[in-house]
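The stops below go from one selection to the next.

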Amino acid sequence: MSRLLTRRRLITTGLSALAGASGLAAAARLTDRYGLIPPDHGGIYGAGETLTYAAQRLLTSRGSLAREFGPNEISTVAPVNGPPPASLDYRQLLARRFGDWRLEVDGLVSRPSSFSLADLQGFPVSRQITHQACEEGWSFIAEWIGVRLSEVLTAVGASPRAKYVVFFAFDDLWESIDMSDAWHPQTLLAYGMNGVAALPPPHGAPVRLRVPRQLGYKSLKYLTQISVVDSVKDIGEGLGSISPELGYSWYAGI
(Lines give C-alpha, C1' and ligand atoms only; values in the text may rest on other atoms or scores of the structure.)
Protein backbone atom coordinates (compact mmCIF):
# COMPACT_ATOMS: atom_id res chain seq x y z
CA MET A 1 0.00 0.00 0.00
CA SER A 2 2.81 2.44 0.85
CA ARG A 3 4.37 1.77 -2.56
CA LEU A 4 1.07 2.57 -4.30
CA LEU A 5 0.64 5.77 -2.31
CA THR A 6 4.20 6.83 -3.06
CA ARG A 7 3.67 6.16 -6.75
CA ARG A 8 0.44 8.15 -6.78
CA ARG A 9 2.04 11.00 -4.87
CA LEU A 10 4.92 11.13 -7.32
CA ILE A 11 2.66 11.14 -10.37
CA THR A 12 0.19 13.63 -8.89
CA THR A 13 3.03 15.96 -8.00
CA GLY A 14 4.39 15.67 -11.52
CA LEU A 15 0.98 16.26 -13.09
CA SER A 16 0.40 19.36 -11.03
CA ALA A 17 3.46 20.81 -12.72
CA LEU A 18 1.52 20.89 -15.98
CA ALA A 19 0.15 24.23 -14.81
CA GLY A 20 3.61 25.72 -15.25
CA ALA A 21 5.72 25.57 -18.40
CA SER A 22 8.81 24.59 -16.46
CA GLY A 23 7.15 21.37 -15.32
CA LEU A 24 5.92 20.09 -18.68
CA ALA A 25 8.93 17.93 -19.45
CA ALA A 26 9.00 16.33 -16.00
CA ALA A 27 5.25 15.68 -16.06
CA ALA A 28 5.49 14.14 -19.53
CA ARG A 29 8.20 11.74 -18.36
CA LEU A 30 6.17 10.67 -15.34
CA THR A 31 2.92 10.15 -17.22
CA ASP A 32 4.69 8.17 -19.95
CA ARG A 33 6.46 5.97 -17.41
CA TYR A 34 3.16 4.96 -15.78
CA GLY A 35 1.11 4.61 -18.98
CA LEU A 36 -0.97 7.73 -18.37
CA ILE A 37 -0.62 9.43 -21.75
CA PRO A 38 -3.69 9.19 -24.01
CA PRO A 39 -3.32 8.76 -27.80
CA ASP A 40 -4.38 12.39 -28.40
CA HIS A 41 -1.61 13.84 -26.24
CA GLY A 42 -0.18 15.88 -29.13
CA GLY A 43 -1.35 19.26 -30.34
CA ILE A 44 -2.36 22.39 -28.48
CA TYR A 45 -4.78 20.50 -26.21
CA GLY A 46 -2.38 17.65 -25.46
CA ALA A 47 -1.37 18.76 -22.00
CA GLY A 48 -4.98 19.19 -20.94
CA GLU A 49 -6.02 15.84 -22.39
CA THR A 50 -3.14 14.13 -20.60
CA LEU A 51 -3.95 15.83 -17.30
CA THR A 52 -7.63 14.82 -17.52
CA TYR A 53 -6.90 11.22 -18.46
CA ALA A 54 -4.07 10.71 -15.97
CA ALA A 55 -5.96 12.32 -13.10
CA GLN A 56 -8.98 10.11 -13.75
CA ARG A 57 -6.88 6.96 -13.83
CA LEU A 58 -5.09 7.95 -10.61
CA LEU A 59 -8.12 9.06 -8.62
CA THR A 60 -10.65 6.48 -9.80
CA SER A 61 -10.11 2.81 -9.10
CA ARG A 62 -10.45 0.32 -11.94
CA GLY A 63 -13.51 -1.17 -10.28
CA SER A 64 -15.42 2.07 -9.70
CA LEU A 65 -18.88 1.78 -11.21
CA ALA A 66 -21.16 4.04 -13.16
CA ARG A 67 -24.46 4.58 -11.37
CA GLU A 68 -27.12 1.96 -12.05
CA PHE A 69 -30.85 2.70 -11.89
CA GLY A 70 -34.09 0.86 -11.16
CA PRO A 71 -36.52 -0.47 -13.79
CA ASN A 72 -38.98 2.33 -13.00
CA GLU A 73 -36.34 4.90 -14.01
CA ILE A 74 -35.91 3.64 -17.59
CA SER A 75 -36.64 6.50 -20.00
CA THR A 76 -39.85 6.31 -22.01
CA VAL A 77 -37.99 7.77 -25.01
CA ALA A 78 -34.50 6.65 -26.06
CA PRO A 79 -33.23 9.09 -28.73
CA VAL A 80 -30.90 7.93 -31.49
CA ASN A 81 -28.21 9.79 -33.38
CA GLY A 82 -28.41 8.95 -37.08
CA PRO A 83 -30.02 6.07 -39.01
CA PRO A 84 -28.69 2.50 -39.32
CA PRO A 85 -26.04 1.84 -42.00
CA ALA A 86 -27.34 2.00 -45.56
CA SER A 87 -24.81 -0.47 -46.96
CA LEU A 88 -26.11 -3.51 -48.82
CA ASP A 89 -24.29 -6.01 -46.59
CA TYR A 90 -25.87 -4.53 -43.46
CA ARG A 91 -29.36 -4.44 -44.98
CA GLN A 92 -29.03 -8.07 -46.06
CA LEU A 93 -27.91 -9.15 -42.59
CA LEU A 94 -30.81 -7.23 -41.05
CA ALA A 95 -33.27 -8.94 -43.40
CA ARG A 96 -31.90 -12.31 -42.25
CA ARG A 97 -32.08 -11.21 -38.60
CA PHE A 98 -28.29 -11.37 -38.39
CA GLY A 99 -28.29 -15.15 -38.53
CA ASP A 100 -25.01 -15.21 -40.45
CA TRP A 101 -23.40 -12.16 -38.82
CA ARG A 102 -19.99 -12.72 -37.28
CA LEU A 103 -17.85 -10.67 -34.92
CA GLU A 104 -14.17 -11.13 -35.69
CA VAL A 105 -11.73 -10.77 -32.77
CA ASP A 106 -8.04 -10.60 -33.62
CA GLY A 107 -4.77 -8.84 -32.83
CA LEU A 108 -2.81 -9.51 -29.66
CA VAL A 109 -4.77 -12.63 -28.72
CA SER A 110 -3.71 -16.25 -28.47
CA ARG A 111 -6.95 -17.54 -30.02
CA PRO A 112 -8.27 -15.32 -32.84
CA SER A 113 -11.99 -16.03 -33.05
CA SER A 114 -15.19 -15.40 -34.97
CA PHE A 115 -18.37 -15.20 -32.89
CA SER A 116 -21.95 -15.49 -34.08
CA LEU A 117 -24.76 -13.73 -32.26
CA ALA A 118 -25.71 -17.08 -30.72
CA ASP A 119 -22.11 -17.53 -29.55
CA LEU A 120 -22.19 -14.21 -27.71
CA GLN A 121 -25.56 -15.05 -26.20
CA GLY A 122 -24.02 -18.27 -24.91
CA PHE A 123 -21.68 -16.35 -22.58
CA PRO A 124 -22.94 -15.42 -19.09
CA VAL A 125 -25.59 -12.73 -19.53
CA SER A 126 -24.94 -9.32 -18.01
CA ARG A 127 -27.65 -6.68 -17.50
CA GLN A 128 -27.34 -3.08 -16.45
CA ILE A 129 -29.62 -0.05 -16.30
CA THR A 130 -27.35 2.90 -16.95
CA HIS A 131 -27.33 6.44 -18.24
CA GLN A 132 -26.40 7.17 -21.85
CA ALA A 133 -25.09 10.74 -22.09
CA CYS A 134 -24.67 12.17 -25.58
CA GLU A 135 -22.04 14.78 -26.32
CA GLU A 136 -24.79 16.81 -28.01
CA GLY A 137 -26.56 17.37 -24.70
CA TRP A 138 -29.39 14.80 -24.65
CA SER A 139 -29.46 11.64 -22.57
CA PHE A 140 -31.59 8.70 -21.50
CA ILE A 141 -31.62 5.72 -19.14
CA ALA A 142 -31.94 2.23 -20.59
CA GLU A 143 -31.45 -1.39 -19.71
CA TRP A 144 -28.68 -3.05 -21.72
CA ILE A 145 -28.38 -6.82 -22.10
CA GLY A 146 -25.23 -8.48 -23.32
CA VAL A 147 -21.91 -10.07 -22.49
CA ARG A 148 -19.10 -8.40 -20.63
CA LEU A 149 -16.26 -7.52 -22.96
CA SER A 150 -13.92 -9.04 -20.37
CA GLU A 151 -15.54 -12.46 -20.93
CA VAL A 152 -14.73 -12.29 -24.64
CA LEU A 153 -11.19 -11.03 -24.01
CA THR A 154 -10.61 -13.93 -21.65
CA ALA A 155 -12.00 -16.41 -24.17
CA VAL A 156 -9.62 -15.23 -26.91
CA GLY A 157 -6.63 -14.92 -24.61
CA ALA A 158 -5.89 -11.19 -24.72
CA SER A 159 -2.17 -10.53 -24.33
CA PRO A 160 -0.75 -8.72 -21.27
CA ARG A 161 1.07 -6.52 -23.80
CA ALA A 162 -2.21 -5.08 -25.07
CA LYS A 163 -2.93 -1.43 -24.37
CA TYR A 164 -6.11 -0.82 -26.33
CA VAL A 165 -9.13 -2.56 -27.80
CA VAL A 166 -10.30 -1.19 -31.15
CA PHE A 167 -13.85 -1.61 -32.46
CA PHE A 168 -14.91 -1.42 -36.10
CA ALA A 169 -18.46 -0.92 -37.38
CA PHE A 170 -20.59 -1.40 -40.50
CA ASP A 171 -20.79 2.36 -41.05
CA ASP A 172 -16.98 2.54 -41.35
CA LEU A 173 -16.57 4.25 -37.99
CA TRP A 174 -14.22 2.96 -35.36
CA GLU A 175 -13.42 3.58 -31.72
CA SER A 176 -10.90 2.48 -29.12
CA ILE A 177 -10.71 2.19 -25.35
CA ASP A 178 -7.83 1.38 -23.02
CA MET A 179 -7.52 -1.91 -21.18
CA SER A 180 -8.77 -0.40 -17.94
CA ASP A 181 -12.16 0.21 -19.56
CA ALA A 182 -11.95 -2.99 -21.61
CA TRP A 183 -11.70 -5.15 -18.48
CA HIS A 184 -14.23 -3.08 -16.53
CA PRO A 185 -17.25 -5.16 -15.38
CA GLN A 186 -19.76 -2.67 -16.84
CA THR A 187 -18.26 -2.57 -20.34
CA LEU A 188 -20.60 -4.65 -22.47
CA LEU A 189 -21.09 -6.01 -25.92
CA ALA A 190 -24.82 -5.33 -25.85
CA TYR A 191 -27.24 -7.35 -27.99
CA GLY A 192 -30.51 -6.50 -26.20
CA MET A 193 -32.24 -3.47 -24.74
CA ASN A 194 -35.08 -2.73 -22.32
CA GLY A 195 -36.13 -6.34 -21.87
CA VAL A 196 -36.05 -7.16 -25.60
CA ALA A 197 -33.60 -9.88 -26.57
CA ALA A 198 -32.81 -8.30 -29.95
CA LEU A 199 -31.20 -4.87 -30.01
CA PRO A 200 -33.28 -2.39 -32.11
CA PRO A 201 -31.44 -1.48 -35.36
CA PRO A 202 -31.35 2.29 -34.59
CA HIS A 203 -29.56 1.49 -31.33
CA GLY A 204 -26.82 -0.59 -32.94
CA ALA A 205 -28.07 -4.06 -33.93
CA PRO A 206 -26.87 -6.68 -33.87
CA VAL A 207 -24.26 -5.73 -31.25
CA ARG A 208 -22.98 -2.45 -29.91
CA LEU A 209 -20.36 -1.45 -27.38
CA ARG A 210 -21.51 0.04 -24.08
CA VAL A 211 -19.00 1.99 -21.98
CA PRO A 212 -21.18 3.64 -19.32
CA ARG A 213 -18.29 5.53 -17.73
CA GLN A 214 -17.76 7.52 -20.94
CA LEU A 215 -19.85 9.78 -23.18
CA GLY A 216 -22.08 8.16 -25.77
CA TYR A 217 -19.80 8.51 -28.77
CA LYS A 218 -17.44 5.92 -27.28
CA SER A 219 -20.24 3.30 -27.27
CA LEU A 220 -19.89 2.38 -30.94
CA LYS A 221 -22.86 0.77 -32.72
CA TYR A 222 -23.13 -1.88 -35.49
CA LEU A 223 -19.98 -3.82 -34.58
CA THR A 224 -18.18 -6.05 -37.09
CA GLN A 225 -14.67 -6.52 -35.70
CA ILE A 226 -12.60 -6.11 -32.55
CA SER A 227 -8.80 -5.87 -32.53
CA VAL A 228 -6.61 -6.03 -29.44
CA VAL A 229 -3.54 -3.85 -30.01
CA ASP A 230 -0.62 -2.13 -28.34
CA SER A 231 -1.04 1.12 -30.34
CA VAL A 232 -3.76 2.96 -32.25
CA LYS A 233 -1.27 5.08 -34.17
CA ASP A 234 -1.76 3.44 -37.57
CA ILE A 235 -5.42 2.40 -37.32
CA GLY A 236 -7.82 4.21 -39.61
CA GLU A 237 -7.83 7.98 -39.92
CA GLY A 238 -7.73 10.16 -36.83
CA LEU A 239 -8.26 8.69 -33.37
CA GLY A 240 -11.69 7.19 -33.76
CA SER A 241 -15.19 7.77 -34.96
CA ILE A 242 -15.19 11.40 -33.85
CA SER A 243 -12.50 13.64 -35.30
CA PRO A 244 -10.43 15.39 -32.59
CA GLU A 245 -10.34 18.42 -34.88
CA LEU A 246 -14.04 18.87 -34.07
CA GLY A 247 -13.24 19.17 -30.38
CA TYR A 248 -13.85 15.60 -29.19
CA SER A 249 -11.35 13.89 -26.95
CA TRP A 250 -10.15 10.32 -27.27
CA TYR A 251 -10.99 9.88 -23.57
CA ALA A 252 -14.58 10.86 -22.79
CA GLY A 253 -14.86 9.92 -19.13
CA ILE A 254 -17.80 11.18 -17.08
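Select Trp-144. Its relative accessible area is 0%, so Trp-144 is buried. Buried here means under 20% relative accessible area, exposed means over 50%, and partly exposed lies in between (1.4 Å probe, protein chains only). This is a predicted model, in which local features need pLDDT of at least 70 and side-chain atom pairs count only at pLDDT 80 or more, while totals for chains, interfaces and linings use all residues. Residues are numbered from 1 along each chain as its sequence is written, and side-chain values use heavy atoms, with hydrogens and water left out.

Rings of Phe, Tyr and Trp (its six-membered ring) pair if their centres lie within 6.5 Å; planes under 30 degrees apart count as stacked, over 60 as edge-to-face and the rest as tilted.

**The aromatic pairs**

How many aromatic pairs does the rule give? The count is eight. Show Tyr-90 and Tyr-222: the ring centres are 5.5 Å apart and the planes stand at 80°, so this pair is edge-to-face. Tyr-90 belongs to helix H4 (residues 88-95), while Tyr-222 sits in the loop between E8 and E9, 132 residues apart. Helices (H or I, at least four residues) and strands (E, at least two) are DSSP runs, numbered from the N terminus. Both Tyr-90 and Tyr-222 are buried. Go back to Phe-140 and Trp-144: with centres 6.4 Å apart and planes at 45°, the pair is tilted. Now select Tyr-90, Phe-98, Phe-170 and Tyr-222 together; ring pairs link these residues into a cluster.

**Thr-130**

Move to Thr-130, in strand E3 (residues 126-133). Is Thr-130 buried or exposed? At 1% relative accessibility, Thr-130 is buried. Contact means heavy atoms within 4.5 Å. Leaving out residues up to four places away in sequence, Thr-130 touches a set of residues including Phe-140, Trp-144, Arg-67, Gln-186 and Pro-212. Arg-210 is also one of the residues touched. The side chains of Thr-130 and Arg-210 make a polar contact of 3.1 Å. A polar contact is a pair of N or O atoms within 3.5 Å; within protein, one must be able to donate a hydrogen and the other to accept it, and residues adjacent in sequence count only if both atoms are side-chain atoms.

**The four-stranded sheet**

Switch to cartoon. Four strands form an open sheet in the order E3-E4-E7-E8, with antiparallel pairing. E3 and E8 are the edge strands, each with a single partner, so one side of each has no neighbour in the sheet. From one strand to the next the twist averages 55°. Two strands pair if DSSP finds at least two bridges between them. E3 and E4 pair over eight bridges in the antiparallel sense. Pick Ala-133: its bridge partner in E4 is Ser-139. Then show H6, which lies across E4 and strand E7 (188-193) and runs at about 25° to E4. Axes are lines fitted to C-alpha atoms, for helices over the stretch in contact, and angles run from 0 to 180 degrees between N-to-C directions.

**The five-stranded sheet**

Next, colour the open sheet E2-E1-E9-E5-E6, whose five strands have mixed pairing. Strand E2 (113-115) and strand E6 (174-178) are at the edges, each with a single partner strand, so one side of each is left without a neighbour in the sheet. The twist here averages 20° from one strand to the next. Zoom in on strand E1 (residues 103-107) and strand E9 (residues 223-229), a parallel pair with four bridges. Glu-104 stands opposite Gln-225 in E9. Helix H6 (residues 149-156) packs on this sheet, touching E1, E2, strand E5 (164-169), E6 and E9, and its direction makes about 140° with that of E2.

**Salt bridges**

Last, show charged side chains. A salt bridge is a side-chain nitrogen of Lys or Arg within 4 Å of a carboxyl oxygen of Asp or Glu; the count is six.

- Glu-175 and Lys-218: the closest N and O atoms are 2.8 Å apart. Glu-175 is in strand E6 and Lys-218 in the loop between strand E8 (208-210) and E9, 43 residues apart. Both residues are buried.
- Glu-143 and Arg-127: 3.5 Å, N to O. The bridge joins strand E4 (residues 139-148) to strand E3, across 16 residues. Glu-143 is buried at 14% relative accessibility, whereas Arg-127 is exposed at 52%.
- Arg-96 and Asp-100: 3.0 Å, N to O. Arg-96 is partly exposed at 44%, and Asp-100 is partly exposed at 42%.
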